[in-house]
Amino acid sequence: MTPTKQSPPCVYFCNFPHLRTTCSRGPCFDVLCAQRQHLKCESSERSSSLYTARAAGGKPVCCLPTVGPRDPVRQCLPCCPLPSPQLPVPGSRLCLYEDGSELTADRFCSIPDGAELVLLTTGQTWQGYVSDISRFLSVFQKPHAGLIQAARQLLSDERAPLRQKLLADLLHTVSENIAAETRDEDPPWFEGLEARFRNKSGYLRYSCESRIRSYLREVTSCASLVGGEAQEEYQRIVGAMCRKLQEARYHGSYFDRGAKAGGRLCTPEGWFSCQGPFDVDDCASRHSINPYSNRESRVLFSTWNLDHIIEKRRTVVPTLAAAVRGAQGREVDWEYFYGLLFTSENLKLVHIACHKKTTHHRRCDPSRLYRARAAPRRKRPARKRP
C-alpha cells in the first residue's frame with residue numbers, strides 16, 4: 001500500500017464466517033448492503049450490541065448484531081428498503097482485495113460470496129496481495145520489542161521443526177543491529193575478532209583487503225612460469241601492480257559501507273546483493289546479505305566469493321606470463337591485467353550457491369596484451385632564412 005497520511009484502507013468481508021479485529025477506524029460506521037450481499041466493516045469494538053449501518057445520506061439501512069470470533073454470522077435484518085450500493089466517504093473507491101481491481105456499480109452485484117473488499121479513500125492505493133506483503137515486510141524494517149518478545153515465546157514452546165526454523169529466521173532478522181558501527185554499540189558482533197578491530201567497517205575493509213592480497217601472492221608465485229630474462233620483466237610488472245594496489249589500499253572499499261558510492265559493492269546501510277554466476281547478468285535467486293547486521297551474518301558473508309569472470313589461475317595469469325615471454329620488444333599492458341586480477345572490472349560478488357567451479361571458457365582480449373606503440377614524431381623541416 002502506498003504510504004499516505006490517512007488511515008489504512010478499511011477492509012470489508014462479503015458473507016465471511018466471522019469478523020476479525022483489524023480496522024483502526026473505531027466503531028463500524030459504514031456498511032454497504034446489496035440484495036445478495038452484506039458487507040460488514042471489521043471493528044475492534046465488541047461492547048455495543050448493535051451496529052447501525054448508514055448510507056451516504058445518513059439514513060439507517062440495516063442493523064448488525066455483535067458477532068464474536070466463534071459465533072455464526074447472523075443475517076443482517078433490513079430496517080428500510082435496501083438502496084443501491086453507495087460508498088460512505090465522498091471520493092472513495094471499492095476494490096477487490098485479491099488483485100486491487102476497482103468495483104463499479106454494475107460489477108458490484110456479481111462478485112462471489114466470500115469476496116474480500118477494500119475501501120480506499122482519496123490518495124490511497126491497493127495492489128492486491130502485493131500491498132499486504134509490503135506492509136508485512138515493513139514490520140521488519142523497524143521491529144517492535146513486542147514482536148521480538150512474542151516470537152521468542154513462541155519459539156520456546158514450539159516443537160515442529162519447520163515452524164522452529166521460521167521463528168528462528170524471524171528472530172534472526174528482527175534482532176539485527178544494522179545501524180550500530182562500533183564495538184561498544186554492538187559487542188556481540190565482534191565476538192571472536194581481535195581487539196584491534198574497533199568498528200565494523202574497519203573489519204570488513206580488512207577482510208576485503210585480505211582477499212585481494214591473496215590474489216597478489218598468487219600472481220607473484222607464478223614468476224617461475226617465466227624463465228630467463230623474461231622473469232625479471234615479470235617481476236617488474238608485479239612490482240608495479242603492488243604499488244598501484246597500495247595506492248588503492250587493496251580495494252578494501254568494496255566491503256566498506258562508508259566508502260563513496262563508486263568504490264563500494266553495498267548500499268550505505270551495508271546490504272550486499274549477489275551479482276549472479278559469471279555467465280549471467282544477475283542472480284536469479286536474489287541472494288542478499290548484510291554482514292553489518294549481526295555476528296551470524298558476518299560469518300556467513302565470509303562464504304561469499306569474489307569470482308573472476310575471466311579466471312585468474314586458468315587464464316589471466318598464464319596469459320600474462322605468455323605475454324611477457326613473447327613481448328619481443330613490446331611493452332606489456334600490465335594495467336589491463338591489473339584490472340582483470342584485482343578490480344570489479346572482472347570480479348563479481350556471488351553467494352556460494354552461485355559460484356560455479358566449472359571452467360569459464362573466457363579469454364583475455366588479445367588486442368589489449370601490449371601497449372600501443374607511440375607513433376614516431378615527424379621532424380619539421382628547418383625553415384630557410386631569407
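Guide: Let us begin with a definition: axes are lines fitted to C-alpha atoms, for helices over the stretch in contact, and angles run from 0 to 180 degrees between N-to-C directions. Helices (H or I, at least four residues) and strands (E, at least two) are DSSP runs, numbered from the N terminus. This is a predicted model, in which local features need pLDDT of at least 70 and side-chain atom pairs count only at pLDDT 80 or more, while totals for chains, interfaces and linings use all residues. Residues are numbered from 1 along each chain as its sequence is written, and side-chain values use heavy atoms, with hydrogens and water left out.

Visitor: Why are H5 and H6 called roughly antiparallel?

Guide: The axes of H5 and H6 lie 10 Å apart, at an angle of about 170°. Angles under 35 degrees count as roughly parallel, over 145 as roughly antiparallel, 65 to 115 as roughly perpendicular and the rest as oblique. H5 and H6 are therefore roughly antiparallel.

Visitor: Which residues make this contact?

Guide: Ile212, Leu216, Val219 and Thr220 of H5 meet Tyr234, Val238, Cys242 and Leu245 of H6, where contact means heavy atoms within 4.5 Å. Seven of these residues are nonpolar, one is polar and none is charged. In this scheme Ala, Val, Leu, Ile, Met, Phe, Trp, Tyr, Cys and Pro count as nonpolar, Asp, Glu, Lys and Arg as charged, and the others, Gly among them, as polar.

Visitor: What makes a group of residues a nonpolar core?

Guide: A nonpolar core is a set of buried Ala, Val, Leu, Ile, Met, Phe, Trp, Tyr and Cys residues joined through side-chain atoms within 4.5 Å; buried means under 20% relative accessible area, exposed over 50%, partly exposed in between (1.4 Å probe, protein chains only). The largest core has 56 residues, and Met241 and Leu320 are among the members that touch the most others. H5, H6, H8, H9 (334–342) and strand E12 (347–350) each supply at least two residues of this core. A second, separate core of eight residues includes Leu96 and Leu103.
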